Amino acid sequence: MPHRQDDSERPPLRRQVDSGMAELLLDADRPGAWLLLVDGVPQSHVDLDDPEYLDFEYMRRLGHVADLAAPAGQPLRVLHLGAGALTLARYVAATRPGSSQLAVESDAALVALVRRWLPLDQPARRTRSGRGGAGRVRIRVADAREVLEQVPAASFDLVVADLFAGARTPAHLTSAEFTAAAARALTPAGCYAVNVGDGPPLAYARAQVATVRSVFPQVCLIADPPVLRGRRFGNLVLAAARRDLPVAGLTRRAAGDPFPGRLVHGASLDRFAAGAKPVTDARAQPSPAPPPGVFAGRR
């Protein structure tokens with residue numbers, strides 16, 4: 001039976017969750033769309049009427065990786081490390097019906113909030129492409145690394161790490177050991193994608209490139225040009241695999257986004273990461289905190 005809202009529960013909603021104060025705001029420009037924030041930091045944008053719509057630039061880039069991870073429409077086995085409002089899981093379910101997905105989120109109260117207000121089970125809704133149903137998405141409340149180290153080897157086609165406690169990625173989720181666990185979970189043809197938050201002078205992002213390259217032979221980086229030039233704080237998406245990456249396709253898709261992104265690969269990535277050392281568990285640090293006010297425009 002649908003949950004009935006009384007006047008005290010109408011949006012915008014503010015609820016205390018394990019990681020801070022969560023807010024759910026309606027998107028004034030898209031009926032049926034919501035913005036999830038935790039302590040004022042945007043975590044997810046979800047369009048319940050159109051799960052194929054990805055609003056955040058970095059999420060579009062993660063979507064490009066998912067789109068090119070296998071032939072169009074082919075179901076995938078996907079491990080989402082960091083669930084938020086399940087934006088990418090909904091996207092994969094809509095674009096690749098029949099996909100088997102596991103989403104891992106450490107914040108139990110946030111999972112409960114999302115399940116109540118942004119449910120996956122909406123059988124009456126249809127996607128842009130005419131496909132229906134949310135697909136099979138399981139949610140596990142646990143530490144991402146604990147789950148990653150427990151899953152069977154070669155059990156996923158795509159592993160996505162979008163891991164933030166508030167605005168920072170915890171240290172134990174940034175290391176070469178963590179990346180090696182992701183590689184173990186992937187099939188030989190599988191892809192690994194990471195959302196990295198950083199700003200000038202991009203020391204953390206360069207170290208993350210070196211870390212992922214210490215495990216995977218093929219790596220590329222996608223971000224807004226001003227972020228890559230160290231002009232502002234933002235998100236950078238790393239894609240990695242043991243096989244050749246679809247660099248040409250990713251380049252075209254990133255360049256065609258509403259806010260065009262640039263892909264860095266090969267010798268250009270060598271120059272970007274020059275001098276950076278892989279991060280090990282022994283010296284791992286959380287990702288940098290964003291400067292004050294950087295997310296003010298997202299409300």
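Are tryptophan 34 and tryptophan 117 buried or exposed? I looked them up, and both are buried (under 20% relative accessible area; exposed is over 50%, partly exposed in between; 1.4 Å probe, protein chains only).

I noted the ground rules. The model is predicted: local features need pLDDT of at least 70, side-chain atom pairs count only at pLDDT 80 or more, and totals for chains, interfaces and linings use all residues. Residues are numbered from 1 along each chain as its sequence is written, and side-chain values use heavy atoms, without hydrogens and water.

**Aromatic pairs.** I used ring centres within 6.5 Å for Phe, Tyr and Trp (its six-membered ring), with planes under 30 degrees apart as stacked, over 60 as edge-to-face and the rest as tilted. The count is three. Tryptophan 34 and tryptophan 117 make a tilted pair, 6.4 Å centre to centre with 55° between the planes. Tryptophan 34 lies in strand S3 (residues 33-38) and tryptophan 117 in helix H3 (residues 108-117), so the pair ties together parts 83 residues apart in sequence. Helices (H or I, at least four residues) and strands (E, at least two) are DSSP runs, numbered from the N terminus. Phenylalanine 56 and tyrosine 58 are also a tilted pair, at 6.1 Å and 40°. Phenylalanine 56 is buried at 5% relative accessibility, and tyrosine 58 is buried at 9%.

**Strand S6.** I checked S6 (residues 100-105) next: five of its six residues are buried. S6 pairs in parallel with S5 (residues 77-81) over five bridges (pairing needs at least two DSSP bridges). Histidine 80 has alanine 103 in S6 as its bridge partner. S6 also runs parallel to S7 (residues 136-141), joined by six bridges. Serine 100 stands opposite arginine 136 in S7.
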